[in-house]
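Subject: Structure handover

Hello,

The structure is placed below, and the notes on what was found in it follow. Please read them with the coordinates open.

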Amino acid sequence: MDIKVDEKTVIVFDLDDTLYNELDYLRSAYCAIAKELNPKQWENLFAQMFSMYRNKENVFQYLTATFKVEKDMLITLYRNHIPSINPFQGVLPLLKAIQDKKGKLAIITDGRSKTQRAKLTALGIEDYFDKIVISEELGTEKPDKKNYLSIEQTFKNHKYCYIADNVRKDFISPNKLGWNSIGLIDNGLNIHSDSFLYFTEDHLPKTFVKSIIDIKII
């Protein structure tokens with residue numbers, strides 16, 4: 001898929017399951033929690049936790065009962081740990097190619113400021129972006145138009161393209177605003193796997209690609 005980029009183009013990305021697999025963040029957090037609760041045999045605990053998660057068991061309920069800890073402590077560890085995550089293949093070359101064409105780069109992501117910014121830092125991509133919109137900082141979540149209008153307000157009279165994965169919420173406002181949009185097909189590891197429920201004109205991107213490496217900048 002070719003995208004024409006120049007100095008009047010803004011390419012906007014979602015973060016989770018678009019630039020990396022969010023499941024890797026969950027695994028990273030579970031490792032941090034396991035090391036805190038059972039440092040001598042954390043691998044065993046991590047393996048148990050992840051298996052429970054895969055089988056839709058309540059992992060935190062198990063941990064609070066077994067280790068006599070408060071759920072709030074587990075949530076804090078989950079949200080505030082230093083992530084061990086990597087960008088998808090092709091992400092860094094794509095960001096650089098956009099910059100080389102003088103295009104602008106932005107992020108629109110839902111989540112907590114500290115958590116999402118820690119992810120960007122861990123991925124080594126934060127400095128690529130000219131604007132970062134995080135729902136907690138703005139006070140609204142996707143699909144609210146405010147998140148997308150904040151991009152238009154920063155980069156007036158530009159062309160906009162949103163690249164994301166979640167059909168349920170990511171493309172509703174870009175469609176209404178006349179943006180271009182590209183959907184990444186679930187690689188089998190996405191946290192949200194219910195896209196099939198939202199295959200309507202309002203929810204769908206203009207086109208789908210299988211992976212980031214299928215996007216070419218011209």
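In helix 6, the buried residues are Ser-113, Thr-115, Gln-116, Lys-119, Leu-120 and Leu-123. Buried here means under 20% relative accessible area, exposed over 50%, and partly exposed in between, with a 1.4 Å probe and protein chains only. Helices (H or I, at least four residues) and strands (E, at least two) are DSSP runs, numbered from the N terminus.

Before going further, the conventions: this is a predicted model, in which local features need pLDDT of at least 70, side-chain atom pairs count only at pLDDT 80 or more, and totals for chains, interfaces and linings use all residues. Residues are numbered from 1 along each chain as its sequence is written, and side-chain values use heavy atoms, with hydrogens and water left out.

The buried residues of helix 6 pack against helix 1, helix 4, strand 3 (104-109), strand 4 (131-134) and helix 7; contact means heavy atoms within 4.5 Å. Helix 6 covers residues 113-123, and Ser-113 is part of it. Ser-113 counts as buried because its relative accessibility is 16%. Leaving aside neighbours within four places in sequence, Ser-113 is in contact with Ile-134, Glu-136 and Glu-137. Ser-113 and Val-133 are 20 residues apart in sequence, and their C-alpha atoms are 9.3 Å apart in space. After helix 6 comes Gly-124, with a positive phi near 75°.

Ser-135 belongs to helix 7 (residues 135-138). Its relative accessibility is 5%, so Ser-135 counts as buried. Not counting residues up to four places away in sequence, Ser-135 touches Thr-109, Asp-110, Gly-111, Thr-140, Glu-141 and Asn-147.

Helix 2 (residues 42-54) has 13 residues and reaches 18 Å from its first C-alpha to its last, close to the 18 Å expected at 1.5 Å a residue. The expected span is 1.5 Å times one less than the number of residues.

Buried in helix 2 are Leu-45, Phe-46, Met-49, Phe-50 and Met-52. Seen down the axis of helix 2, the buried residues fall within an arc of 155°, so they line one face of the helix. The arc is that of the directions from the helix axis to the C-beta atoms. On the other side of helix 2, Asn-44 and Arg-54 are exposed. The cover over the buried residues of helix 2 includes helix 1 (22-37) and helix 3 (59-67). Helix 2 is followed by Lys-56, whose phi is positive, near 60°.

How do helix 2 and helix 3 cross, and at what angle? Their axes come within 9 Å and cross at roughly 140°. That makes helix 2 oblique to helix 3. Axes are lines fitted to C-alpha atoms, for helices over the stretch in contact, and angles run from 0 to 180 degrees between N-to-C directions. Angles under 35 degrees count as roughly parallel, over 145 as roughly antiparallel, 65 to 115 as roughly perpendicular and the rest as oblique.

From helix 2, Leu-45, Gln-48, Met-49, Met-52 and Tyr-53 meet Val-59, Tyr-62, Leu-63 and Phe-67 of helix 3. The residues of this contact divide into eight nonpolar, one polar and no charged. Ala, Val, Leu, Ile, Met, Phe, Trp, Tyr, Cys and Pro count as nonpolar, Asp, Glu, Lys and Arg as charged, and the others, Gly among them, as polar.

Ile-163 is in strand 5 (residues 159-164) and is buried, with a relative accessible area of 0%. Ile-163 and Ile-182 are 19 residues apart in sequence and 4.8 Å apart in space, C-alpha to C-alpha. Beyond its neighbours within four places in sequence, Ile-163 has contacts that include Ile-3, Val-12, Phe-13, Ile-182 and Ile-215.

Gly-90 sits in the loop between helix 4 (71-80) and helix 5 (91-100). Gly-90 is buried at a relative accessible area of 17%, and it touches Ile-212 and Ile-213, not counting residues up to four places away in sequence.

**Backbone points to check**

Most residues other than glycine have a negative phi, and most peptide bonds are trans. Lys-68, in the loop between helix 3 and helix 4, has a positive phi of about 55° although it is not a glycine. Lys-68 is exposed, with a relative accessible area of 70%. Lys-102 is found in the loop between helix 5 and strand 3; its phi is positive, about 70°. A cis peptide bond joins Lys-142 and Pro-143, with omega about 15°. Pro-143 lies in the loop between helix 7 and helix 8 (145-154).

Regards
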